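Let's take a walk through this one together. Have the sequence and the 3D view open, and follow along piece by piece.

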Amino acid sequence: MDAGNDHSSNITRRDFVKTSSALAVMATLGEALVEHSQVALAQTSDNGEGPRVQTVLGPISPEDLGVTLMHEHAPVIDWSELYGHPIAPIEGAFRQQVIDQAASGLQAFHNQLDGWAKSGTIVEVTPIRVGRYPDLIVDMARKSPVHVVGCTGFWGEALAPMHLWAAAMLVQPNGIEQVTQLYVKEITEGMEDPYGEPGAGFTDVKAGIIKIATSTYLTALERHANTAAGLACIETGCPISVHTTDGGGLEMAQLLLSLGVSPQKIIIGHQGYKDDRENVRATDYHKQLADLGVWVQFDRIGYPNYPVEDRAEYIRPLLDAGYEDQLLLSHDTVPYFYRTFWQEEKRESDWWLFKEDPWTLILSEVVPKLNEAGITKRVVSKILIDNPKKVLAF
Ligand SMILES: [Zn+2]
């Protein structure tokens, strides 16, 4: 999700320098996590039913996913903590409004599924402490027939500073191990509770995907965080979804592959604009990615640089080259975004209803355009239903 704000360049990493005592506390928390997780190191259990998809309401059969939107956010995004500020309030009647609005968005997507399959699924990839509220996500999912897969993983440094909690762990000598074990814990036991001090409490809502990010060029902290994601993937089988920033996808695929991560667990996202850092349309680059065996995900369809009209021209060459088994689609949108995240003071009125109906464009407009371009319903079904089944089950 990129709401088009660019305040990051104006804001320094002052908190990182200012809060050495907080760093010490967080490092201690990290050590506690390492101890705790040593008990919890385990593959997600195979109970004889084969691989399952881990939704926020529990594991389901991959057959039950139906049309799956692979990179979405729900019900909110709030970057406040990345700037050292308190989170924006979501309480009382407004909390209910947020859940109802998101559930109604999911219902609108569900209403489009006639002639497709089952209930439909969204993969919620809001990173740790960027507005990822397990209680809100669960309440929204309970109100909707659409399945919701939640995520673990820290965001990168391209659009905002990395969360201080992540940075504090990653600069420790055993930082990669600490973050690996946090991710494993969130996948096997439950996501961290975002309302208390970082790492102080955990929910029982398990993550079903790992979200990571690279700046246009991978930074040192991102390299460490993303190495941890690779190790957590190897340990649990949980797939990895990569945010790229006008480039970086190929290097991320190479980094994860060098750790021994299976290419079928690696989704290179945000493709469809300047992916090789230079060319608006980078078809050869997409083929290079696909040649590595990883998933190529066009997940910002509908954004200004990612218009519906020409998406088929990005997808078609990959289909012609035989890569229909490695493509995924999504919108990367969200119902509510907190717009004054860089300000200390937080007000309910600064929540912005970013998209009233975030999850319908693909079935209403993109699929007809793909069909017009000669891409058959069989191939579209593969991209929207069969491919997500393969990548999400572990
Ligand atoms: Zn996103």
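What is the mean pLDDT of the protein, and what share of its residues reach 70 or more? This is a predicted model, and its mean pLDDT comes out at 91, with 88% of the residues reaching 70 or more. There is a stretch to treat with care, though: over residues 4–45 the pLDDT is below 50. That stretch still has 49 contacts in the model beyond near neighbours in sequence. Where pLDDT is low, the predicted coordinates should not be read in detail.

Start with the open sheet of three strands, which has the order 3-5-6 and parallel pairing. Strand 3 (68–72) and strand 6 (147–149) stand at its edges; each has a single partner strand, so one side of each is left without a neighbour in the sheet. On average, and ignoring direction, neighbouring strands here are turned by 20° against each other. If you zoom in on strand 5 (residues 121–124), you'll find that it pairs with strand 6 in the parallel sense over three bridges. To get your bearings there, look for isoleucine 122, which stands opposite valine 148 in strand 6.

Next comes another open sheet, this one of six strands, in the order 7-8-9-10-11-12 and again with parallel pairing. Its edges are strand 7 (151–152) and strand 12 (327–329), and because each has a single partner strand, one side of each lacks a neighbour in the sheet. Strand 7 runs parallel to strand 8 (residues 209–213), and two bridges join them. Cysteine 151 has isoleucine 209 in strand 8 as its bridge partner.

What packs on this sheet, touching strand 9 and strand 10? That's helix 8 (residues 249–259), which touches strand 9 (240–243) and strand 10 (266–268). The direction of helix 8 makes about 170° with that of strand 10. Further along, helix 10 (residues 311–320) lies across strand 11 (295–298) and strand 12, running at about 165° to strand 11.

Finally, have a look at the inside. The largest nonpolar core has 110 residues, and Ile210, Ala232 and Ile268 are the ones with the most contacts inside it. Helix 5 (residues 164–170) provides the largest share of this core, seven residues. Which residues does alanine 232 contact, leaving aside its neighbours within four places in sequence? They are Thr180, Tyr183, Val184, Ile187, Ile210 and Cys238.

Terms used
Residues numbered from 1 in each chain as written. Predicted model: local features only at pLDDT ≥ 70, side-chain atom pairs only at ≥ 80, totals over all residues. Core = buried A, V, L, I, M, F, W, Y, C linked by C-beta atoms within 7 Å. Buried ≥ 20, exposed ≤ 12 C-beta atoms within 10 Å, placed from the backbone. Helix = DSSP H or I, 4+ residues; strand = E, 2+ residues; numbered from the N terminus. Contact = placed C-beta atoms within 7 Å. Pairing = 2+ DSSP bridges. Axes fitted to C-alpha atoms, helices over the stretch in contact; angles between N-to-C directions. pLDDT = per-residue confidence, 0-100.
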